[in-house]
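Q: Please explain how to read the surface, pocket and fold of a model such as this one.
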Amino acid sequence: MTFIELAILTFLTVCYLPFFIWLSASYLSNGDNSKRENIFCLSLMSVALLNALNSFLFKIQDTYALAVLVIIFLLFNLYMFLIVRKDKRKVSF
């Protein structure tokens, strides 16, 4: 493993994982819980399903498949972040 790969892995573990845990907890604790829980579970299951389909059916090169899955995951995180910000704005006023 090169230094760059190790640095990226360390950054993701130290910075992004706690952010994702906080974001998920904030997203699920506010608002309509049943709707948000369904959306959250559906998004995680869709990423897992896409990964399984790629392994068995599509046979896309692993680098491209990982990039697609990461983009989908980051877009969903952006969606959750915008919803949490909107909820925080409603509470503060």
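Q: Which residues form a nonpolar patch on the surface?
A: A patch joins residues with over 30% relative accessible area and no salt bridge, like charges within 9 Å and nonpolar side chains (Val, Leu, Ile, Met, Phe, Trp, Tyr) within 5 Å. Here Phe 3, Ile 4, Ile 8, Phe 11 and Leu 12 form one, with about 560 Å² of accessible area together (Shrake-Rupley method, 1.4 Å probe, only the protein chains shown counting as cover). Phe 11 belongs to helix H1, residues 3-29. The model is predicted: local features need pLDDT of at least 70, side-chain atom pairs count only at pLDDT 80 or more, and totals for chains, interfaces and linings use all residues. Residues are numbered from 1 along each chain as its sequence is written, and side-chain values use heavy atoms, with hydrogens and water left out.

Q: Which residues line the largest pocket?
A: On a 1 Å grid over the protein atoms alone, a pocket is an open set of points with protein on both sides within 12 Å along at least five of seven lines, and lining residues have an atom within 4 Å of a point. In this model the lining consists of Leu 12, Tyr 16, Leu 66, Val 70, Phe 73 and Leu 74. H1 and helix H3 (62-92) are the elements that give two or more residues to this lining, and H3 supplies the largest share, 4 residues. The pocket volume is about 200 Å³, taken as the space filled by probe spheres set on the points.

Q: Where is the salt bridge?
A: A salt bridge requires a side-chain nitrogen of Lys or Arg within 4 Å of a carboxyl oxygen of Asp or Glu. The count is 1 salt bridge, in which the side chains of Asp 87 and Arg 36 meet at 2.7 Å, N to O. This pair links distant parts of the chain, with Asp 87 in helix H3 and Arg 36 in helix H2 (residues 33-58), 51 residues apart.

Q: How many helices and strands does the chain have?
A: Helices (H or I, at least four residues) and strands (E, at least two) are DSSP runs. The chain has 3 helices and 0 strands.

Note on methods: On a 1 Å grid over the protein atoms alone, a cavity is a set of points where a 1.4 Å probe fits but cannot get out, and a pocket is an open set with protein on both sides within 12 Å along at least five of seven lines; lining residues have an atom within 4 Å of a point.
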